[in-house]
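Below are some notes for a colleague who is opening this entry for the first time.

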Amino acid sequence: MAVRSVLPLLLGIFLAASPLLPTCAARSHSLRSPHHARHAHGTSPNLVNGTLPWGSEPQLLEKRAGEKYVFMHHIVGSGYPYTPTDWENDLREIAAKGVDAIALNIGSADWQRTQVQAAFDAAKRINTPVKLFYSFDFTEMPCDLGDIVSRINTFAGYPNQFKVGGRTFVSSYAGDCLGNGGWASLKAQTGNAYVMPFIWGLEGQFGNWNALDSWYCWGCAYPQGNYDKNTDDDKFYMSQLGSRYATTVSAWQFTHFSYKNWYLRGDNWLLNNRWEQLMSMRNDLTFVEMLTWNDFGEANYFGPIRGAQPSGTYWADNFPHTAWFDMSEYYIRAFKSGSYPAITKDVIYYWSKPHPAGAIASGDSIGRGSGFDWAMDNLWAVAFATSPAQVTLKLGGSSKTFDVPAGVSKLTIPASPGRITVQMVRNGQTVINETPGGFEYVQNPVRYNLNAYVGSAIGAANLVTTTTTSTTSTTSTTSTTSTSTTSTTTSTTATTTTSSTSTTTAPTATTTTVSGSTWTFQGCFEDRSDQRILDGLFTSAGSNTVSQCLASCASAGFAYGGVEYGRECFCGASPRAGAAVKPATDCAMPCAGNSAELCGSGNRLGLYSRPPSTSTTTTSTAAPTTTSVGGATWTYRGCFVDPGDKRVLYDGGFTSVLTNTIPQCLSTCLSKGYAFAGVEYGRECYCGTEVRAGAQSSAEGQCSQACAGDCECLFSDELGFELIAFFSSESALWRRE
């Protein structure tokens with residue numbers, strides 16, 4: 001889904017006295033004791049499948065075979081530098097995989113209130129199907145009942161507020177501070193909100209908390225020791241909660257600060273196995289929450305590296321996890337529907353730590369964290385195959401080829417220093433052959449990092465001419481060890497039967513005319529979810545066609561459009577530099593809205609361009625000059641690239657208003673004592689005490705979008721600033737002298 005890596009910004013630079021910085025983004029949930037809420041490993045309590053006599057309106061969730069919901073936990077504290085477009089991208093990407101709602105984890109900082117408002121506004125603006133709800137973090141904020149009620153009621157009437165049976169849904173991390181009476185009062189003041197907190201320490205006491213409608217187990221996503229994740233903890237809580245029990249799923253956890261330093265065991269395909277466990281318990285579950293979208297500090301994130309990381313975090317840099325979220329779509333849709341979807345494309349998902357768990361880092365003063373010896377030194381992979389094939393895994397000098405059936409196969413080999421290569425061959429034809437350039441396994445690290453590098457390789461050969469007849473998806477597990485050349489395989493039927501026949505060919509037309517504009521096909525390109533070729537508009541629709549997509553891009557003013565994965569449409573002002581060209585036959589998936597047209601493929605974008613707009617709108621490219629605002633003289637410093645994860649002005653916050661103008665922005669930053677300011681994306685204003693080291697300048701013409709509040713201001717010679725390019729990657733800087 002569309003990942004916006006850079007945003008337009010026109011920045012004015014000035015020097016600040018000592019601004020107060022927010023307590024931003026650095027906190028992450030601890031899953032260690034006492035927060036993980038576990039029971040003794042290995043117990044097997046008697047299960048109670050009925051509903052316990054507590055909680056209001058039990059009929060709402062009595063029928064567990066009914067609708068199922070999947071949530072994504074989103075740390076608002078990681079979104080301090082978020083712009084409206086960042087929220088739009090998060091919403092689109094999360095919704096595209098079938099997630100129903102986003103739990104907005106919020107702490108006490110006032111700026112987080114603003115970001116929650118921005119999230120609800122973005123959801124309404126783009127009309128996304130995904131809903132939102134508060135998850136109050138009471139380890140980070142006071143138990144002020146009046147404030148909590150006010151926040152809930154503020155958004156209760158918004159179209160994207162998640163509700164159960166018409167009742168506003170509310171969650172929390174902790175919450176014992178309210179007591180059962182406090183939760184009852186909260187419900188009474190919010191129209192009988194549906195509450196689902198995670199509160200540890202309630203084991204054996206749930207009957208005394210009859211105000212709670214549900215309760216979810218945060219730490220049940222992970223094994224809490226050196227063993228594979230099982231369902232003992234789930235069954236323990238089900239025996240007390242019955243159908244009120246909700247639970248979680250995650251893929252990994254590693255953190256390496258002086259104040260928290262540990263690894264929780266994510267080996268042996270934790271993510272896949274946990275989803276399979278949830279499927280086995282599906283009749284007893286209604287809510288499952290994914291942990292998390294963006295907890296970078298604890299390395300449990302499904303989303304792209306966007307927003308702010310906790311100070312001192314280095315282990316998430318260049319360690320993408322988005323492929324885990326891509327893979328999760330298969331399980332999300334299975335959990336919601338009750339049957340696994342048909343596998344329509346060949347994919348190999350793979351991940352590895354960057355060094356042996358027992359290695360001694362040469363330049364790390366913190367030392368190895370607890371649980372490091374729980375980690376296994378392996379390359380892990382999961383192959384999704386449309387039909388039987390041979391899959392080869394390589395990591396340095398370690399290599400093995402596996403025969404995989406149609407379906408899902410879990411594979412692993414021992415780790416060895418070097419690079420990863422994954423291959424798939426079918427009937428003598430190479431379907432996948434990928435060696436990612438961004439990762440290398442080393443024997444002797446400088447700093448400890450037990451985070452996982454996660455990637456995927458998607459084959460398109462099966463999409464050129466595809467015939468599928470009554471295929472049954474299966475799941476198998478295959479592993480090898482360094483002490484044995486034998487492998488073991490187990491196989492269980494997991495899903496459904498499909499029957500279809502289709503034939504497609506590569507795009508042949510070089511030009512097409514849509515709504516009066518002539519578009520030229522530029523070729524087929526690799527389009528990774530963490531490095532999108534086009535970072536402007538994104539849509540995903542069952543009616544998608546080439547012409548519909550290009551018409552949407554043209555109407556939004558973009559010169560480039562692209563189709564992908566049948567149903568996806570991307571737009572942008574210009575393509576990302578360095579995108580890898582692929583054979584035209586790779587872009588051979590039929591469009592969702594017209595099977596006679598071809599709309600890219602998985603991670604393959606069919607790219608089109610049109611001539612630049614002939615609009616007569618005047619733009620300014622005046623040389624740098626000065627202007628006086630609020631009694632201070634400001635000097636224009638130029639147009640700069642402004643990546644969303646490394647803002648040029650990063651420590652003074654931002655505003656986004658429809659009345660935005662250059663004078664208004666400069667005045668706002670001046671009033672807060674900042675020395676630098678800038679405007680971006682027409683409506684955004686950024687402030688800061690300094691410019692980020694290494695900020696990259698750009699061509700003056702790239703800052704070419706009109707101010708939202710006063711387009712006339714753009715043509716004033718005395719101001720001498722630039723128009724900001726719509727969805728460009730540029731920013732223009734001003735400094736107060």
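1. Asp-377 counts as partly exposed, because its relative accessibility is 31% and that class lies between the 20% and 50% limits. This is a predicted model. Asp-377 pairs with Lys-353 in a salt bridge, with 3.2 Å between the closest N and O atoms.

2. Glu-93 and Arg-306 meet through their side chains in a salt bridge, at 3.0 Å from N to O. This pair links distant parts of the chain, 213 residues apart. Glu-93 belongs to helix H1 (residues 84-96), while Arg-306 sits in the loop between strand S12 (287-291) and helix H7 (322-337). Are the two partners buried or exposed? Glu-93 counts as buried because its relative accessibility is 3%, and Arg-306, also at 3%, counts as buried too.

3. Within helix H7, Arg-333 and Glu-329 lie four residues apart, about one turn of the helix. They form a salt bridge in which the closest N and O atoms are 3.0 Å apart. Arg-333 is partly exposed, because its relative accessibility is 34%. Glu-329 has a relative accessibility of 17% and so counts as buried, the limit for that class being under 20%.

4. Which residues are linked with Glu-329 and Arg-333 in a network of salt bridges? The network also includes Lys-97 and Asp-326.

5. The last point concerns two helices. Helix H3 (residues 145-155) and helix H4 (residues 179-189) have axes that come within 10 Å and cross at roughly 35°. Their crossing is right-handed. On the H3 side, the contact is made by Leu-145, Ile-148, Val-149, Ile-152 and Asn-153. H4 contributes Gly-182, Ser-185, Leu-186 and Gln-189. Of the residues in this contact, five are nonpolar, four are polar and none is charged.

How values were computed: Residues numbered from 1 in each chain as written. Predicted model: local features only at pLDDT ≥ 70, side-chain atom pairs only at ≥ 80, totals over all residues. Heavy atoms only, no water. Salt bridge = Lys/Arg side-chain N within 4 Å of Asp/Glu carboxyl O. Buried < 20%, exposed > 50% of the residue type's maximum accessible area, 1.4 Å probe, protein only. Axes fitted to C-alpha atoms, helices over the stretch in contact; angles between N-to-C directions. Left-handed = near helix turned anticlockwise from the far one by under 90°. Contact = heavy atoms within 4.5 Å. Nonpolar A, V, L, I, M, F, W, Y, C, P; charged D, E, K, R; others polar.
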